[in-house]
Amino acid sequence: MSDDLGTRIRRLRAKRQLTQESLAEMIGSVSRRDISSWERGADYPNEEQIYALCKAFDVDREFFLGANHEGAPLSAMETDLLQRFRFLIQYNQRRLFRFA
């Protein structure tokens, strides 16, 4: 199954047992038709709408942009990077984020 933006929105909405109408109400400035268009890939949310989707679903922006797959296991390299990051003191973690 394709893992595009529309599919991700549809999966999260279904997982949380939301209708397109209820998701549109949560986001605020969109209609049920907008949600439907996004899920079908006929249209795409703008940056403000992506932000609202992230808040509604409690995911980061990268999830919708394809850099993160909810529920997918981390690769060995991702696990190694995460462990190394956790060993850094907070000051160095913040410094690292400036480069990411």
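Across the protein chain the mean is 83, and 87% of residues reach 70 or more. Where pLDDT is low, the predicted coordinates should not be read in detail.

The model is predicted: local features need pLDDT of at least 70, side-chain atom pairs count only at pLDDT 80 or more, and totals for chains, interfaces and linings use all residues. Residues are numbered from 1 along each chain as its sequence is written, and side-chain values use heavy atoms, with hydrogens and water left out. Helices are DSSP runs (H or I, at least four residues), numbered from the N terminus.

Start with helix α1, residues 5-15. Its buried residues are L5, G6, T7, R8, I9, L12 and R13. Buried means under 20% relative accessible area, with a 1.4 Å probe and protein chains only. These buried residues pack against α2, α3, α4 and α5; contact means heavy atoms within 4.5 Å. Just after α1, Q17 takes a positive phi of about 55°.

Next, α1 against α4. Their axes come within 11 Å and cross at roughly 30°. Axes are lines fitted to C-alpha atoms, for helices over the stretch in contact, and angles run from 0 to 180 degrees between N-to-C directions. The two helices are therefore roughly parallel to each other, a label for angles under 35 degrees. The crossing of α1 and α4 is left-handed: the near helix is turned anticlockwise from the far one by less than a right angle. L5, I9, L12 and R13 of α1 meet I50, L53 and F57 of α4. By class, this contact has six nonpolar residues, no polar ones and one charged. Ala, Val, Leu, Ile, Met, Phe, Trp, Tyr, Cys and Pro count as nonpolar, Asp, Glu, Lys and Arg as charged, and the others, Gly among them, as polar.

Helix α4 (residues 47-57) also meets α2 (residues 20-27). Here the axes come within 9 Å and cross at roughly 110°. That makes α2 roughly perpendicular to α4, the term for 65 to 115 degrees. L23, M26 and I27 of α2 touch A52, L53, A56 and F57 of α4. This contact has seven nonpolar residues, no polar and no charged.

Finally, S36. S36 lies in helix α3. At 14% relative accessibility, S36 counts as buried.

Note on methods
pLDDT is the predictor's confidence in each residue, from 0 to 100. Angles under 35 degrees count as roughly parallel, over 145 as roughly antiparallel, 65 to 115 as roughly perpendicular and the rest as oblique. Buried means under 20% relative accessible area, exposed over 50%, partly exposed in between (1.4 Å probe, protein chains only).
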